[in-house]
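Please look over the sequence and the structure shown here before reading the report that follows.

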Amino acid sequence: MKFSRSFKFTCSAFCFLIIFSSCHSRKAVMKGEPGEIVQPQVSIADKYSQMMAVNKSDIQNGRLYAFIDQWYGVPYKFGGLDKSGIDCSGLVLLLEQQVYGITLPRVTSQQVAVIKREYEEDLKEGDLVFFDFDGKQFSHVGVYLQNGYIIHASSTKGVMIVPLHGGMYKYFSRCGSVTDTLTSAQAQ
């Protein structure tokens with residue numbers, strides 16, 4: 001009798017652990033080195049291909065989408081640069097540095113100075129997109145992904161992916177690819 005009760009308890013505890021350990025989602029892991037294109041995790045490719053209405057095979061930069069997955073939903077915090085809160089230029093700074101190995105200035109008004117201006121139809125993954133909010137020129141920045149989508153740190157909803165031609169488009173100002181990179185000392 002004792003063996004049976006003990007065996008049932010052990011089996012129940014084991015099943016409980018298996019069920020609850022599989023309930024939490026795994027965070028994306030950034031593989032490779034900055035600037036290196038690596039295959040994305042299948043779950044990440046599925047998630048972002050659906051979000052941006054592209055084929056799963058179009059999600060090719062595993063470092064980029066792993067970065068996005070790690071930061072998605074982090075709240076906005078002016079001057080923030082960590083998972084407790086981040087602002088738009090901080091997000092762009094970290095993304096460009098960790099995904100592409102590019103060092104940018106910390107603030108938006110200086111980030112715009114290191115781009116080669118492009119037309120919207122020529123935007124490529126990793127290009128910067130600037131907006132003029134509250135009558136201030138180049139007061140907000142995001143990063144172009146693909147199929148007309150950008151990632152940015154919204155002051156109300158945190159880090160998110162939105163269509164460039166959505167509600168923010170009326171504030172669109174300039175876009176382009178990063179041309180001038182800085183040494184770490186210059187960026188600070």
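## The largest cavity

In this predicted model, the largest cavity is lined by Val 29, Lys 31, Val 38, Gln 39, Pro 40, Gln 41, Ile 44, Gly 62 and Ala 66. By class, this lining is made up of 5 nonpolar, 3 polar and 1 charged residues.

The volume of the largest cavity comes to about 50 Å³, and the count of cavities of 30 Å³ or more is 1. Rolling a probe the size of a water molecule over the atoms is what shows where empty space is left.

## Helix H2

Helix H2 spans residues 42-51, and its buried residues are Ile 44, Ala 45, Tyr 48 and Ser 49. Because these buried residues fall within an arc of 120° when the helix is seen down its axis, they line one face of H2. Val 42 and Gln 50, by contrast, are exposed on the other side of the helix.

The cover over the buried residues of H2 includes helix H3 (62-71) and strand E7 (158-163). Ile 44, one of the buried residues of H2, is also among the residues that line the largest cavity. Just after H2, the chain reaches Ala 53, which takes a positive phi of about 55°.

## Helix H3

How many of the 10 residues of H3 are buried? The number is 10 of the 10, so this helix is largely enclosed by the rest of the structure. The buried residues include Arg 63 and Asp 69, as well as Leu 64, Phe 67, Ile 68 and Trp 71. Gly 62 and Ala 66, which are buried in H3 too, also belong to the lining of the largest cavity.

Packed against the buried residues of H3 are helices H2 and H4 (88-100), together with strands E1 (81-82), E2 (85-86), E6 (149-154) and E7. Just after H3, Gly 73 takes a positive phi of about 90°.

## The largest pocket

The largest pocket holds about 450 Å³ of space. Its lining consists of 22 residues, of which Tyr 76, Phe 78, Cys 88, Ser 139 and His 140 are the closest to its centre. Two or more residues of the lining are given by each of H4, helix H5 (108-111), strand E5 (136-144) and E6.

Which element supplies the largest share of the lining of this pocket? That element is E5, from which 4 residues come. Divided by class, the lining of the largest pocket has 8 nonpolar, 10 polar and 4 charged residues.

Conventions. Residues are numbered from 1 along each chain as its sequence is written. This is a predicted model: local features need pLDDT of at least 70, side-chain atom pairs count only at pLDDT 80 or more; totals for chains, interfaces and linings use all residues. Side-chain values use heavy atoms; hydrogens and water are left out. Buried means under 20% relative accessible area, exposed over 50%, partly exposed in between (1.4 Å probe, protein chains only). The arc is that of the directions from the helix axis to the C-beta atoms. Contact means heavy atoms within 4.5 Å. On a 1 Å grid over the protein atoms alone, a cavity is a set of points where a 1.4 Å probe fits but cannot get out, and a pocket is an open set with protein on both sides within 12 Å along at least five of seven lines; lining residues have an atom within 4 Å of a point. Grid points are joined across faces, edges and corners, and a volume is the space filled by probe spheres set on the points. Ala, Val, Leu, Ile, Met, Phe, Trp, Tyr, Cys and Pro count as nonpolar, Asp, Glu, Lys and Arg as charged, and the others, Gly among them, as polar.
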